[in-house]
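Here is a friendly walk through one protein model, meant to be read with the structure open beside you. Could you keep the sequence at hand too, so that you can find each residue as it comes up?

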Amino acid sequence: MSVQAMSWALAQTVVSDASARHVLLCLANYADKDGRGAFPSAASLADDTGLAVRTVRYKLEQLQELGAIRPGNQAIAAAYIDRGDRRPVVYDLAMERGAADAPRAERPATGAPRENARGANGDSTGCKPQQHEVQSTTERGARVAPNPSLNHQGSTSEPSDARTPFALDLNWTPDAARLRAVSFAAGVSVEACMEALGAFRVHHEAKALAFTSAEWHAKLVTWAKQDAARGAASKVAPIGSARQAKPRVVTV
């Protein structure tokens, strides 16, 4: 889950329709911190929003017409789903648009003493350049300042930028929203992925290979899928074990 993308979806002023805003908010849940690479299926968005699949598709078209979203890098979905007819559209959120401007500081009343018109830091404009690490004003079109993560489920060793490669450690935990999306697209249950997580971490921690967060999630799902295939193969009886015994010939 991207807190930055969801914060923008809540604060944007481009979309006013309630159902379209709901679809946009759920779509932002699948995007990265820059609002890119969201590719849930229409069925997944229907489950998230409670809307019909047909309504979800209509709202996605409406969001594109308003300029709130646009088609993204379709190769992202192709990396996880082989069949082209089953790939959902990859969307990017237009996070540079529709962010509400921060309120401007009020001017001092006419006739007020000059020293009262100065800010606490002594600037002549009467407003601080920063207050509690939040800018007092924002330029039009600037992105919303990122909020701190409220429920980050990844390891502290994972970089904040999801596109930065990092080596896996034994404490790494996949992001719940991304794992759910990737495992659904690959036809693997989240439970199977979590069961395979321990062996996956031990194997790759020893190799010290560096991949991005998206790549690690994809590799975990592939590992779980192969685990399931190996388990199914081990249950198949070997050829020849099912041969019928030859009938005994009794001589009189």
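Among contacts between residues at least 6 apart in sequence, 63% join residues at least 24 apart; a contact here means heavy atoms within 4.5 Å. Please bear in mind that this is a predicted model, in which local features need pLDDT of at least 70 and side-chain atom pairs count only at pLDDT 80 or more, while totals for chains, interfaces and linings use all residues. Residues are numbered from 1 along each chain as its sequence is written, and side-chain values use heavy atoms, with hydrogens and water left out.

The protein has 9 helices and 6 strands. These are DSSP runs numbered from the N terminus, helices being H or I with at least four residues and strands E with at least two. Of its 252 residues, 32% count as buried. Buried means under 20% relative accessible area, exposed means over 50%, and partly exposed lies in between, with a 1.4 Å probe and protein chains only. The accessible surface comes to about 16200 Å², and 52% of that belongs to carbon and sulfur atoms; the areas come from the Shrake-Rupley method with a 1.4 Å probe, and for residues only the protein chains shown count as cover.

Let us start with Leu 27, which sits in helix H2. Leu 27 counts as buried, at 0% relative accessibility. Not counting residues up to four places away in sequence, Leu 27 touches Ala 38, Pro 40, Leu 45, Leu 60, Ile 69, Tyr 91 and Leu 93. Its C-alpha atom is 9.7 Å from that of Ser 44, a residue 17 places away in sequence.

Ser 44 takes us to helix H3 (residues 42-49), where the buried residues are Ala 42, Ser 44, Leu 45, Ala 46 and Thr 49. What do the buried residues of H3 pack against? Their partners are H2, helix H4 (53-66) and helix H7 (176-186). After H3 comes Gly 50, with a positive phi near 80°.

Gln 12 lies in the loop between helix H1 (3-11) and helix H2 (18-28). Leaving aside neighbours within four places in sequence, Gln 12 is in contact with Arg 21, Leu 24 and Gly 98.

**Salt bridges**

Side chains of opposite charge can pair when their charged atoms come close. A salt bridge is counted when a side-chain nitrogen of Lys or Arg is within 4 Å of a carboxyl oxygen of Asp or Glu, and a search of the whole structure finds 4 of them. The table shows some of these, among them the pair of Lys 59 and Asp 17.

| Lys 59 | Asp 17 | 3.0 Å |

Lys 59 and Asp 17 form a salt bridge that links distant parts of the chain, with Lys 59 in helix H4 and Asp 17 in the loop between H1 and H2, 42 residues apart. Lys 59 is buried, with a relative accessible area of 10%, whereas Asp 17 is partly exposed at 29%. Lys 33 is partly exposed at 29%, and Asp 34 counts as buried at 13%. In the remaining row, Arg 83 counts as partly exposed at 44% relative accessibility and Asp 85 as exposed at 58%.

Helix H5 (75-80) and helix H9 (213-234) are the elements that give two or more residues to the lining, and H5 gives the most, with 4 residues.

The lining divides into 8 nonpolar, 4 polar and 6 charged residues. Here Ala, Val, Leu, Ile, Met, Phe, Trp, Tyr, Cys and Pro count as nonpolar, Asp, Glu, Lys and Arg as charged, and the others, Gly among them, as polar.

Val 188 is in the loop between H7 and helix H8 (190-207), and is buried, with a relative accessible area of 11%. Leaving aside neighbours within four places in sequence, Val 188 is in contact with Ser 183, Cys 193, Val 221, Ala 224 and Lys 225. The C-alpha atoms of Val 188 and Ala 224 are separated by 7.5 Å, although the two residues are 36 apart along the chain.
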